[in-house]
Amino acid sequence: MARILVVANQKGGIGKSTSVANLARALTERQYRVLIIDLDPQGGVSATVGVDSFNVKRSTYTLLMKDKVNLEKVMRRVGPNLAIVPASIDLAAAEVQLAKQSNQVQRLRYALNHNALPFDYILIDTPPTLGILTANGLVAAQELLIPVQAQYLAMRGIRGLLQTMEQITKKLNPELRLLGIFVTMFDARARHAQEVLDELHTVFGAKVFQTVLPYDEVVAEAPIAHQSVLDYAPEHPVSQAYRQLAQEIIQRGETNNV
Ligand SMILES: Nc1ncnc2c1ncn2[C@@H]1O[C@H](COP(=O)(O)OP(=O)(O)O)[C@@H](O)[C@H]1O
Ligand SMILES: [Mg+2]
């Protein structure tokens, strides 16, 4: 059975889409079959794997808005063992259109339930809001992964997200659990970054992944070449860190470490 993970944090620009793309790559390197679902109208992860959101006919929009959609028809194969349901620009309108419907946050869950899922991992990328699109991700997933930047106020954002998760667990998706929190764009030279990391460990304990993603320009360079960091610079510390994070995610799934 596929493990369905949603990657969320309502703050933008903290490495959600980058992490989805590179974790997907790290998992396919290990022969896992991975599907990415892009719930962000900005299409960050779609672009990273080479799909132009301005130019797609079938997308996550189709999956959310139409009943009984065949997943095969909306997804694209973008690499060995890697497929994506890309975002499209009309996905922004879905938020407004769904607001009028009942079951507005269960649409993705229904779509996934309706299809065979021949994948080991489904990674859902979300927009930087706690709106209907992100809620669809939280309702469809079993596990929540929270990337954070080691900056002051990061903690406040996590609390808001965890409250949303709690509401969804109570009413719509009792299966959902927090898999863990990981730090992105870590600047080892900044003293406050280390302080925030320490605070995260104090507050969230073992929920914080050991792996920390370093800040490095290479992460911004790779998408220009339409590549993941793992393909662009396979031996780079950032690539190694994403492999290590993938390993932790695999392990937490096996031990069911709640
Ligand atoms: N570890 C990192 N080091 C340097 N830049 C990074 C790192 N992770 C992400 N970035 C860059 O930060 C920007 C925002 O990342 P992105 O993944 O799009 O964030 P989000 O999806 O949370 O909005 C992008 O330009 C990306 O290339
Ligand atoms: Mg993004």
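**Figure 1. Helix H12 on the sheet of the predicted model.** In this predicted model, helix H12 (residues 237–255) lies across strands S1, S7 and S8. The helix H12 runs at about 165° to S8. H12 also packs against helix H1, at an angle of about 70° and with the two axes 9 Å apart. H1 is therefore roughly perpendicular to H12. H1 contributes Asn22, Leu23, Ala26 and Leu27 to this contact, and H12 contributes Tyr242, Arg243, Leu245 and Ala246. By class, the residues of the contact of H1 with H12 comprise 6 nonpolar, 1 polar and 1 charged.

**Figure 2. The open sheet of 8 strands.** The strand order is S3-S4-S2-S5-S1-S6-S7-S8, and the pairing is mixed. Strand S3 (76–79) and strand S8 (208–214) stand at the edges; each has a single partner strand, so one side of each is left without a neighbour in the sheet. With direction ignored, neighbouring strands of this sheet are turned by 25° against each other on average. Helix H7 packs on the sheet, where H7 touches strand S1 (3–7), S5 and strand S6 (143–149). The direction of H7 makes about 150° with that of S1.

**Figure 3. Strand S2 and its pairing with S4 and S5.** S2 (residues 34–38) is mostly covered, with 5 of its 5 residues buried. In a regular strand, side chains alternate between the two faces of the sheet. Both faces of S2 are covered: Val34, Ile36 and Asp38 are buried on one side, and Leu35 and Ile37 are buried on the other. S2 and strand S4 (residues 82–85) run parallel and are joined by 4 bridges. Across this pairing, valine 34 stands opposite leucine 82, and isoleucine 36 stands opposite isoleucine 84. With strand S5 (residues 121–125), S2 pairs in the parallel sense over 5 bridges; here leucine 35 stands opposite isoleucine 122.

**Figure 4. Burial of helix H7.** Helix H7 spans residues 132–140 and is mostly covered, with 9 of its 9 residues buried. The buried residues are Ile132, Leu133, Thr134, Ala135, Asn136, Gly137, Leu138, Val139 and Ala140.

**Figure 5. The shell around ligand 1.** Of the 17 residues around ligand 1, those that come nearest are Gly15, Lys16, Ser17, Thr18 and Val219. Helix H1 (16–29), strand S7 (177–186) and helix H10 (218–221) each supply at least two residues of the shell. The largest share, 3 residues, comes from H1. Divided by class, the shell contains 8 nonpolar, 7 polar and 2 charged residues.

Figure 6. Most residues other than glycine have a negative phi. Asparagine 103 is placed in the loop between helix H5 (91–99) and helix H6 (107–113). With 11 other C-beta atoms within 10 Å, asparagine 103 is exposed.

How values were computed: Residues are numbered from 1 along each chain as its sequence is written. Chains are lettered from A and ligands numbered from 1 in the order in which they are written. This is a predicted model: local features need pLDDT of at least 70, side-chain atom pairs count only at pLDDT 80 or more; totals for chains, interfaces and linings use all residues. A residue is near a molecule or strand if its C-beta atom, placed from the backbone, lies within 6 Å of it. Ala, Val, Leu, Ile, Met, Phe, Trp, Tyr, Cys and Pro count as nonpolar, Asp, Glu, Lys and Arg as charged, and the others, Gly among them, as polar. A residue is buried if 20 or more other C-beta atoms lie within 10 Å of its own, exposed if 12 or fewer, and partly exposed in between; C-beta atoms are placed from the backbone. Two strands pair if DSSP finds at least two bridges between them. Axes are lines fitted to C-alpha atoms, for helices over the stretch in contact, and angles run from 0 to 180 degrees between N-to-C directions. Angles under 35 degrees count as roughly parallel, over 145 as roughly antiparallel, 65 to 115 as roughly perpendicular and the rest as oblique. Two residues are in contact if their C-beta atoms, placed from the backbone, lie within 7 Å.
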